[in-house]
Amino acid sequence: MLGTGILKGMVETAKNFAGSYHDPERLTTVEYPEQRIASKENARQFPFLVHDTEDPMQGLRCVACQICEKECPPQCIYIVKSKDKRADYKGQMQLYPVTFDIDLSVCMSCQICVEVCPFEAIKMDTEFELSNTDRFGGLLVNKHQLAKSNEHYRKIHPTEAAVSDDALAIEVAKAKAKAKADVEAKAKAAADAKAKAEAAAAAAPVGVAATAPVPKPSAPAAAPAAAPAA
Amino acid sequence: MTPLSGYLLVSALLFCIGLAGALTRRNAIMVLIGIELMLNAANLNFIAFWRFSEHPETQTGLMFALFSIAIAAAEAAVGLALSITIYRHFRTANVDKVKDMKG
Amino acid sequence: MAELFAKLDQFPVTLKAWLMNLLQGFLPEWTLPLVSAAISITPILAVFPLMFALTTVIERKGLGRIQNRIGPNRVGIPLTNIRLFGFGQFIADGIKSLIKEDVVPRAADKVVHFLAPIALLIPVLLTYSVLPFGKNMVPLDLPQTGLLFFFAVGASTELSVFMAGWSSRNKYSLLGAMRAVAQMVSYEIPLILSSLTVVMITGTLSLTAIVESQATVHFGFLHNWHLFTPWGLVGFFLFLTAAAAEANRTPFDLPEAESEIIAGYFTEYSGFKFAIFFLAEYLGLFAMCGLGITLFLGGWLPPVNIAPFTWIPSWCWFLGKLSALIVLFIWLRGTLPRLRTDQLMGFAWKFLLPMTLINLVVAALWHLLANNIPLVARWPLGFAMLAVPYWLLGRSFEAKFTKREYRFAN
Amino acid sequence: MTLPFAIIAGLTVGSAIAAMSLRNLVHCALSLVLTFAGLAGLYLQLNAEFVGFTQILVYVGAVSILIVFAILLTRSTEPKDEPTTVTPWVGISVAVGAFLTMALAVLASPVGKRIAAPAPEVSVKTLGQKLMTDYVLPLEVMALLLTAAMLGAVIIAMKDKEGSR
């Protein structure tokens, strides 16, 4: 009969109305500033720079290679390289960024900078309340604001951070192994040279002795290179 | 209190405005509007004469006005339907251009 | 006790008489009718726009709850943390619409565009002048033509809607105006015909007399509301349907279907003019509800003639019934989807019009057979005479569900 | 002549002139509505409440809508600078002549000076009773006429079926 459908619908909406008061399961609304949902692990919003040490500026992983600057689709990253070098986490001497700015109003959070970074130095944050009252100054984020610790990264993206840490650990292990191999090789070479020299000295004890110290400086030269890796 | 002549003059004025419009305007709908105005002027006459008559309790003028309103409504409906048909046929609402007898 | 409540009931009337007495001393003779009118108008202009303001919030909250949302609950007293459950929202909305820029399209007909909201609001406000809000509380008592005045003034809103739509020079506006005018003209007929039953039974067009005619008592306690008769019951629902269409409320809100034609005839209005359209629309709905209450729900009468109900002031009964009807309309808005234009017109002409005509016949029979057949037999008879055509006419409007065949999607 | 009468009469005549002389047809229709409303006001002045409100209901509520719809449906494609009138001076002089004749007749007649009797008691009930007794034949004829007009209007304005011409 005409009208029964209307009545059925009205009963349904009345159920919704009453139910929304006593059944909190029905209300899916989150009243945002007061209530917050814990952010999802895969959430991403605006990059940050990872640092490893207490002093953020000293421990930045970034080596100012400018790959991200070149790859950034909206061209929102601005990097100035340093003149000098400093040792990175592996003990290798590297450049570092004097300036590292990202324009918040241009960035589209595409994560391409993260994808291309070979040093695990730039990662995506989950912070989304980035609005600012200063339209011109406040939206250009410099490296002091961008620097966040690796602990922060572990906290917001645990799975990714574990992968990243493993990769870095492998790198460090490789570097150590390489350094060790270098030291051993050099020590071996020195020993070989020494043995050769001794053999030569034994063969021609006079006259050739003046040439014997030639390979000597190579052994002390290898020692400082291995030291920071330890 | 306004005398009868006041209402009659207003009515005559309305009638003549309607007459002038119906005679001069080219658009068929404007001609109809003019005719409506004339009918309304007549209505005002009916009411005014009823009110100022010797026996207003007979309500004859009111009856005339009511019937005339109903007729005017019917006339408007038919007239406007006609003008729409004319427009559809001749692609104009200008009464001067509607000269052909043949469809 | 009863006297005290009677005094409370008549408080607005006595207040006005006291004010008039006070003013009589030092105001010139010719201003007194104007002052009296102003005193009568003031409460209408205070109560109903306030009611509109509260309704906007309640509607949004209610619709939210119906959709399992929370609805507005933020705006309260500024600079404090007091939120008043969001009931400060209408003040914020009002201030916003007052200070917003008033944009008039360059191609618009400026004069007509300006006049349209005024021409809409004035007739709507005029309709309130004949509604009896309480015992002895009717601003303008027209003993001969009360109901006719209501419909005559209500009919003139159609032209304002057309003015708004046409003057905007916008296709959506014109489309909305055309839909609105066609709908209002079509639904005016069932509206008037369904209220005509009451006029037929009571033999008067005066709204106060219609309310008083419902004051007789059945079985010693039940007031003779017209709702309690078969023709009144059916007539009330027909009236309510037509009133919803007249007021452009949801199942019949095609003229301002926001998903199709933006906002219909007031698409090109902004700022305070938009607010006036909004206000006029809701005030029109309230006036329609008020008329329905007066005609079928006993106006300011309580439902039963027993002590605690009779103590409540008459104007409280009126406003209470009005609020109940407003809640019903909000509930319907939360429930029903919008009709299509052909469904809308078909419903008016193929269902409402025949039903109102049959209802007229039933009411006439009810009146004729009043002395011949006892009430117990008349009621089922009348109801059956209405239920059978309802069932027959309604059959063609029922949805026919067939399994849809997709040509490409399978 | 009272002030309300003067205001209403001025409004009515002014809007009637506007309705007949404006260029834009919709403006004409809107002014015509104002004329109708003014006429209703004059009816109220004459204690004819019922006719006055019927006038508003029928003319403002229905006939004006009809006119407006007709105007929109016959949107003129003619150039804008074309004159809206034909032989205006002939028509206007005829109208002025007619008005002068009528005005002279009204002013000369003693009937015009008549002052209204105290307002008669008009009840809708007696009106209805008269419609059902003395005027029942005109009422029936009127009903027939309205039905015929409605049918006629529908048939005239109905679109021709394909190929029926």
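**View 1. A three-stranded open sheet in chain A.** In this predicted model, strands β6, β1 and β8 of chain A line up in that order as an open sheet with mixed pairing. β6 (122–124) and β8 (147–149) of chain A are the edge strands, each with a single partner strand, so one side of each has no neighbour in the sheet. From one strand to the next, the twist averages 55°, with axes taken as lines fitted to C-alpha atoms and angles running from 0 to 180 degrees between N-to-C directions. Strands here are DSSP runs of E with at least two residues, helices are runs of H or I with at least four, and both are numbered from the N terminus. Two strands pair if DSSP finds at least two bridges between them.

**View 2. Strands β1 and β6 of chain A.** Strand β1 (residues 47–51) of chain A is joined to β6(A) by three bridges, and the two run antiparallel. Look for F48(A), which stands opposite K123(A) in β6(A). F48(A) also belongs to a core of 19 residues, along with others including L49(A), I77(A) and I122(A).

**View 3. Chain A as a whole.** Stepping back, chain A holds eight helices and eight strands. Among the contacts in chain A with a separation of 6 or more, 70% are between residues 24 or more positions apart. A contact here means two residues whose C-beta atoms, placed from the backbone, lie within 7 Å.

**View 4. Where chain B meets chain D.** Three pairs of chains touch, and the pair with the most contacts is B and D. Here 62 residues of chain B are in contact with 74 residues of chain D. On the chain B side, the elements that give two or more residues are α1 (4–24), α2 (28–51) and α3 (60–90). α3(B) provides the largest share of that side, 20 residues. By class, the chain B side has 43 nonpolar, 13 polar and six charged residues; Ala, Val, Leu, Ile, Met, Phe, Trp, Tyr, Cys and Pro count as nonpolar, Asp, Glu, Lys and Arg as charged, and the others, Gly among them, as polar.

**View 5. The largest nonpolar core.** This core has 179 residues, and those with the most contacts inside it are I29(B), I47(B), A177(C) and I67(D). A nonpolar core is a set of buried Ala, Val, Leu, Ile, Met, Phe, Trp, Tyr and Cys residues joined through C-beta atoms within 7 Å. α3(D) supplies the largest share of this core, 15 residues. Domain 1 (1–75) and domain 2 (121–165) of chain D both contribute, so the core lies between them; these bounds come from an automatic or database domain assignment. Leaving aside neighbours within four places in sequence, I47(B) is in contact with G61(B), A65(B), Y43(D), L46(D), A48(D) and V51(D).

**View 6. Where chain D meets chain C.** This contact takes 17 residues from chain D and 19 residues from chain C. α3(D) gives the most to the chain D side, with ten residues. That side has twelve nonpolar, three polar and two charged residues.

**Reading the labels.** Residues are numbered from 1 along each chain as its sequence is written, while chains are lettered from A and ligands numbered from 1 in the order in which they are written. In this predicted model, local features need pLDDT of at least 70 and side-chain atom pairs count only at pLDDT 80 or more, whereas totals for chains, interfaces and linings use all residues.

Terms used
A residue is buried if 20 or more other C-beta atoms lie within 10 Å of its own, exposed if 12 or fewer, and partly exposed in between; C-beta atoms are placed from the backbone.
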